[in-house]
Amino acid sequence: MATKKVIAICQSGGEFVTNKDGSLSYNGGEAYAVDIDSGTQLNDFKSEIAEMFNCNADTMVIKYFLPGNKKTLITISKDKDLQRMVNFLGEAVTVDVFVMFEEAAARNVSNMPASRSSRTTVSEAVVPVAEGVDILIENGTDNHQNDLKPYEFPLACVPCGSSDENHRKAAQQWENTITGVDQRFNSFSEFREALHKYSIAHGFAYRYKKNDSHRVTVKCKSQGCPWRIYASRLSTTQLVCIKKMHTNHTCDGAAVKAGYRATRGWVGSIIKEKLKVSPNYKPKDIADDIKREYGIQLNYSQAWRAKEIAREQLQGSYKEAYTQLPYFCEKIKETNPGSIATFSTKEDSSFHRLFVSFHASIVGFQQGCRPLIFLDSTALNSKYQGVLLSATAADGDDGIFPVAFAVVDAETDENWLWFLTELKSTISRSEPLTFVADFQNGIKNSLAVVFDKCHHCYCLRHLAEKLNRDLKGQFSHEARRFMVNDFYSAAYSRRLEGFERSVENIKGISPDAHNWVIESEPAHWANAFFEGARYNHMTSNFGQQFYSWVSEAHELPITQMIDVLRGKMMESFYTRRVDSHQWATKLTPSKEEELQKETLAAQSLEVLALHGNSFEVRGESGSEVVDIENWDCSCKGWQLTGLPCSHAIAAMQCTGRSPYDFCSRYFTVDTYRLAYAESIMPVPDVDKPVVSDTNQAIVTVTPPPTKRPPGRPKMKQVESLDIIKRQLQCSKCKGLGHNKKTCKIS
């Protein structure tokens, strides 16, 4: 005897409605047909349903009605339950099966008493109601918090009365996505997307009668409406063709009142087009535009997730980008010979760090930039977080010159040591290097280990922030303002007496603050003591332009982020190379302007010869001693900046010498052009890895375990340090933050 087969009509995404007689009816949602028999295993049944609805079988709850009983839902929880369902059906050849998910079911039946039976009464069978529109988010999709579980978000639908206005734009774009019989599509997914757009444009909802890998039958959702369409695959091809279509509606779009489904594909396609034009498209604007143009209400979270999906469709998967790193590094070295592109993983194959330095940067720094490097870091706000470490230099016009950068999983002492080791193997200079960098985060010790003869200038910004932070609880805002300003004065003072005067001012406010300054190693940050050549650059955040490039690309997958930075550098190198060929001066524009300013100031100075090439130069502020041959002035301006100060220029004019002969070579136009002589070349097909050698070992790289934390990134405003604003002080009680009129003390 042949085994009895039953067609299970599996439905999900709709709503149960209680009729007057207490029976339940199911409206809306999607339906798929699956054939089963008494030998079908529950796990196999769930797997097939999960594949059809694109959901997770582990969280699935399956229920059905007994024949003749529409008031009680029976739960299928084991193989015997599935066999009983087939046996209970008698002569029936079909059965309606309803698919829910544990999270939604638990939320709605949390008060249901425990029972040994698998029966659910009408009052207990509360299924999540989809009031109009659902977005289906698939498992594994990149999102803001965690990988999303497959469930549907209920959304509100604008009433049908305003459908003309709401669908106006959709009608213009999509009313002809379905044209009729013999229209062909490349796949069923393409057909389904076109059908969905067509339904929105024409203002009706539909449901699937058949939906498998060979044929699709769809009818209007409204009861009794004759509109339907049938499409199937053309034999011997992968094309899908519309075979039958009844184009007339008798429902006048009434089904739209019950809502239609805004699927992932539909929302993604809308947002995707706008994201191309506006990458910073905000979720609030997305929700407003969707409501205005299509009559569908999204909340902020739904709009945000839809944007994430659309962005992945445009940019590719964050996860896949890590798998492409080996290929990407090879392509950088292939298209830019002489470049360094290396990465490493942890024992579990998860991403650890990536170092990149382009050949044009390496050669340009060695030939055209001062031996001065700024080290800094910036946090990345991509899905898998991370930190970007950067080494930048200053060109002859004081423009940012990227030397090397790295992406690491975290800012640690170990990663800084690794980055500096890679940097040393990349660049080679005969003269000692000066680094402007933070004194914390492992940089201080790492520099001493890797670059044994370098000079480390502490970043003045980081020091001032620490000073302000350490004093915040002890002193008033006004006192801290004076101390920070005196701290800056001490750092910029060129002479010992100026430094000591500023430090004494701090001591007058607080002996503790004075001790803090003395113990902060002034030899690493004060002009009066520092021995390296930093050309009067005091902070490590010199490369603001480079960091702005990072901020534009930090949310991209890692390979695309690096390629965006490469593109920005390529464009900058080209533009500066072209611009420099228009310069007619010997020095770069900014340095030419500084020299002319000093030359003008020299006109009012008096020069007295001492001996040989030494001169005494007198002015309103006092006298200075200049030694032309040794490029030295007692004001230390010449030594600090690399350009002759006004005192030196005045002495040169008396001897008939040209100030241009005593400027640092790094400020000449010829040297500037050497910095940008090489080009950074494109890296094609970043997202299309090709393995040419089948015997080549494939290196597996997976994303780091760290993910973006839930919620928006914290945007803490740091108190201004350069100019701490003066607070109000009450003249009556001497308190801060209010004046005499608003004082509460009587």
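Which residues in H19 meet which residues in H20? I will come back to that after some background.

This is a predicted model, in which local features need pLDDT of at least 70 and side-chain atom pairs count only at pLDDT 80 or more, while totals for chains, interfaces and linings use all residues. Residues are numbered from 1 along each chain as its sequence is written, and side-chain values use heavy atoms, with hydrogens and water left out.

The protein chain has 24 helices and 27 strands. Helices (H or I, at least four residues) and strands (E, at least two) are DSSP runs, numbered from the N terminus. Of the 746 residues, 50% count as buried, where buried means under 20% relative accessible area, exposed over 50%, and partly exposed in between, with a 1.4 Å probe and protein chains only.

Now the helix pair. Helix H19, residues 544-553, packs against helix H20, residues 558-580, at an angle of about 145 degrees, with the axes 9 Å apart. Axes here are lines fitted to C-alpha atoms, for helices over the stretch in contact, and angles run from 0 to 180 degrees between N-to-C directions. On the H19 side, Gln-545, Phe-546, Trp-549, Val-550, Glu-552 and Ala-553 meet Met-561, Val-564, Leu-565, Lys-568, Met-569, Ser-572 and Arg-576 of H20. Contact means heavy atoms within 4.5 Å. By class, that contact has eight nonpolar, two polar and three charged residues. The classes are: Ala, Val, Leu, Ile, Met, Phe, Trp, Tyr, Cys and Pro nonpolar; Asp, Glu, Lys and Arg charged; the others, Gly among them, polar.

A second pair is H16, residues 477-492, with H17, residues 496-509; their axes come within 8 Å and cross at roughly 165 degrees. That makes H16 roughly antiparallel to H17, a label that applies to angles over 145 degrees. The residues of H16 that meet H17 include Phe-482, Met-483 and Phe-487, and among their counterparts in H17 are Phe-499, Val-503 and Ile-506. This contact has nine nonpolar, three polar and one charged residues.

Next, the sheet. Seven strands form an open sheet in the order S17-S18-S21-S20-S19-S22-S23, with mixed pairing. Two strands pair if DSSP finds at least two bridges between them. S17 (340-345) and S23 (455-458) are the edge strands, each with a single partner, so one side of each has no neighbour in the sheet. Neighbouring strands are turned by 20 degrees against each other on average, direction ignored. S17 pairs with S18, residues 351-357, in the antiparallel sense over six bridges, and Ser-344 stands opposite Arg-353 in S18. Helix H11, residues 325-335, lies across S17 and S18 and runs at about 165 degrees to S17.

Which residues does Val-699 contact, leaving aside its neighbours within four places in sequence? They are Pro-326 and Phe-343. Val-699 sits in the segment after helix H24 (669-675), and is partly exposed at a relative accessible area of 44%. Its C-alpha is 9.6 Å from that of Thr-345, 354 residues away in sequence.

Last, strand S13, residues 215-220. Five of its six residues are buried, so S13 is largely enclosed by the rest of the structure. S13 pairs antiparallel with S12, residues 206-211, over five bridges, and a hairpin joins S12 to S13 through three residues. Five bridges also join S13 to the antiparallel strand S14, residues 228-233, where Thr-217 stands opposite Tyr-230.

Notes. Angles under 35 degrees count as roughly parallel, over 145 as roughly antiparallel, 65 to 115 as roughly perpendicular and the rest as oblique.
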